[in-house]
Every structure is written in structure tokens, then in C-alpha cells.
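Please have a look at the model first, and then we can walk through the contacts together.

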Amino acid sequence: MDIKVVGVLGAGQMGRGIAQVTAQAGCNVLLLDVDLAHAKQGHERIGKDLLRLVDKGKMQSAERQTILQRITPNQDLKVLSEADLVIEAATEQQVIKEKLLSDADKVMKPEALLASNTSSISLTKLAAVTSRPDKVIGMHFMNPVPVMKLVEIIPAIQSSEECVQTIKQFAARLGKMVVTSKDSPGFLVNRMLMPFINEACFALQEGLSSPEEIDEGVRLGLNHPMGPLELADFVGLDTVLYIAEVLHRELGDDKYRPATILRNYVAAGWLGRKAGRGFYNYTEK
Ligand code: 3HC
């Protein structure tokens, strides 16, 4: 299938990045959010991100304009009838994703594919709420989408081989490398990442070291670009906790239990960078 028009559901951090790389690959993008103002805000933020590339001499101004013109902000799901592929990138909550996928499914062309950028929710469950389970698949992008090379592809047990191959080719067209995971809690990347972040939370909670030294240990000792607590703030502590709870509940092993400090920070609203405070304070920077 030739993918020309892509619907992106959600103009937040992930949806914006997905819309940007998709438009850069030459597709027309329908960028949807709960209302037009949010969708337009998303479009403006993409414009700012692309301007940084122009300022650095990495993109021509005319190319930036072309990319921005390929992205149309909208709030009406009905426009998805034009899409060859819809990628859902809404908040990581099963009920929200199920509703969006089910609503999108009702207006989409019968042959169109439906992907979710979920970071932990079962694709098999999400596929089951649609009338096209063989055409539903997980496309898990990494944050920040324009920078990170990986897309994790998660076929639902209902996904057809044709759907898997089309999505792999599409990811390659976006310039991404692919790893494939079975539909299992946390898939592959977050199955490894979340216990790592959670262990850093336990180390902090037990007073082994300061946040700065925990992160420095990983940055300098393991050569990661960010330490685990810094990365947790970057991802959002609410998202980290949600995924950690999925791993704990669905794998049924107490080794995945979220650290109390993580639960407390989320309860306090200290959600990381987006809230101005998480393991670090961002209002002073
Ligand atoms: N959007 C677009 N580009 C961005 C960006 C953003 N949000 N943030 C940084 N960049 C670009 C910069 O423009 C710069 O580009 P250049 O090299 O062409 O000039 C490049 O990335 C490096 O940025 P900086 O020099 O500003 O800063 P750093 O060198 O510190 O890099 C980083 C920033 C790329 C975020 C780096 O710290 C990093 O790779 N961190 C780890 C990110 C990571 O692990 N992501 C995965 C999270 S897990 C996930 O997403 C799964 C989910 O389900 C939880």
C-alpha cells in the first residue's frame, strides 16, 4: 500500500514529532487534537522546531514552508476518511486510546491501517475494539521523535503479515530503524527501561546517593546521554508510573513494583520537566 495521507491523533510532544517526521518524508498529515486550538498550537510548535534547523543551516527556509504546508491542523475525526494510515499518539490511558481507535476506525477507509504509539498497552486489546483488527499495529516512537532513530513495532496477535510489512517499510521511509517485539507488557524497550528507572528511584529512596550522582554514575559510567532520573523527568513521571504499573500488574512479579518515591512525586504533581519539577527543579534553569 502506498501511504500518502497520514492522520496523527494528538498534537502533544509525541504526536508533534510523529507529524513532523511524517511530513518530512513527503506525506500529507492531518494533525488532530481535542480542539482546533490545541491542533494549531501543535502546528506552531513544529514550525518553531523546524526554524531551529533552518537557523543551524540544516534546512532551507523554503523546505520548512513545504513541510509545514503538508500538515493540516484539525479537530474533526471525519477528515480521517482521507487517511491511508492513522497513528494514535494520545495520553497513555487505555480507555482514551480505545475510544479514539474505535472512533477513528468508524470513519476510516476499509483498507487503511491504524497504528498506536502506545508505550505499554496491549495491541491485541486495542485491535479488538476496532472492526479491522488485522490492520492494527503498535508503532512505538521514542522521545524526541525527530532525533531518536528507533521505532519499535508491535504486531497485535490479529495483525496481518501485510500490515506488519507495510508499517516496517513506512518506518524505514521515515528514516527510522526498526526492532520488533511481541505483544507483551512494556514490549521490548520499556520492559528494560522502566525497571532501570525504577531501580534508580529505589537507590534515591534508600539514600544511596543524590539525584545528581545517580545520574552522573550512569552518564559517565555507562555512557548514556542522560541519567535515569533525568530521563524520567524528560519522559514524565506520570507516564513512567503508568508503564511501571502495567509491568507490575500484567507480569504479576513484585520485582516490578513501583518505588514509593515515584508514586509520591506523581501524587504531588511533580511530573518532571513539563510540570517544572520532578527529580530536578526546572523553574530555576
Ligand atoms: N526535538 C527535536 N530535536 C531535538 C530535541 C527535541 N525535543 N531535543 C534535542 N534535539 C536535537 C537538537 O536540536 C540537537 O540537534 P543537532 O545535533 O543537529 O544540533 C540534538 O538533538 C542534540 O541536542 P542538544 O545538543 O540540545 O542536547 P543533547 O546533546 O543533550 O541531546 C537529547 C538531547 C537528544 C534529548 C539527548 O539527551 C538524548 O538522547 N537523551 C536520551 C533520550 C532518550 O533516551 N529517549 C528515549 C526515551 S524513552 C521513550 O521515549 C519511550 C517512552 O515510551 C517512555
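A polar side-chain atom of His140 lies 2.6 Å from an oxygen atom of the ligand. That pair is a polar contact, meaning N or O atoms within 3.5 Å. This is a predicted model, where local features need pLDDT of at least 70 and side-chain atom pairs count only at pLDDT 80 or more, while totals for chains, interfaces and linings use all residues. Residues are numbered from 1 along each chain as its sequence is written, and side-chain values use heavy atoms, with hydrogens and water left out.

| Residue | Protein atom | Ligand atom | Distance |
|---|---|---|---|
| Lys56 | polar side-chain atom | oxygen | 2.7 Å |
| Asn143 | polar backbone atom | nitrogen | 2.7 Å |

On its own, the ligand has 1,000 Å² of accessible area, and the protein covers 62% of it (Shrake-Rupley method, 1.4 Å probe). Helices here are DSSP runs of H or I with at least four residues. By type, the shell holds 11 nonpolar, four polar and two charged residues.

Helix α7 also contains Asn198. Asn198 counts as buried because its relative accessibility is 5%, where buried means under 20%. A polar side-chain atom of Asn198 lies 2.7 Å from the backbone oxygen of Arg257.

Definitions and conventions:
A polar contact is a pair of N or O atoms within 3.5 Å; within protein, one must be able to donate a hydrogen and the other to accept it, and residues adjacent in sequence count only if both atoms are side-chain atoms. Ala, Val, Leu, Ile, Met, Phe, Trp, Tyr, Cys and Pro count as nonpolar, Asp, Glu, Lys and Arg as charged, and the others, Gly among them, as polar. Helices (H or I, at least four residues) and strands (E, at least two) are DSSP runs, numbered from the N terminus. Buried means under 20% relative accessible area, exposed over 50%, partly exposed in between (1.4 Å probe, protein chains only).
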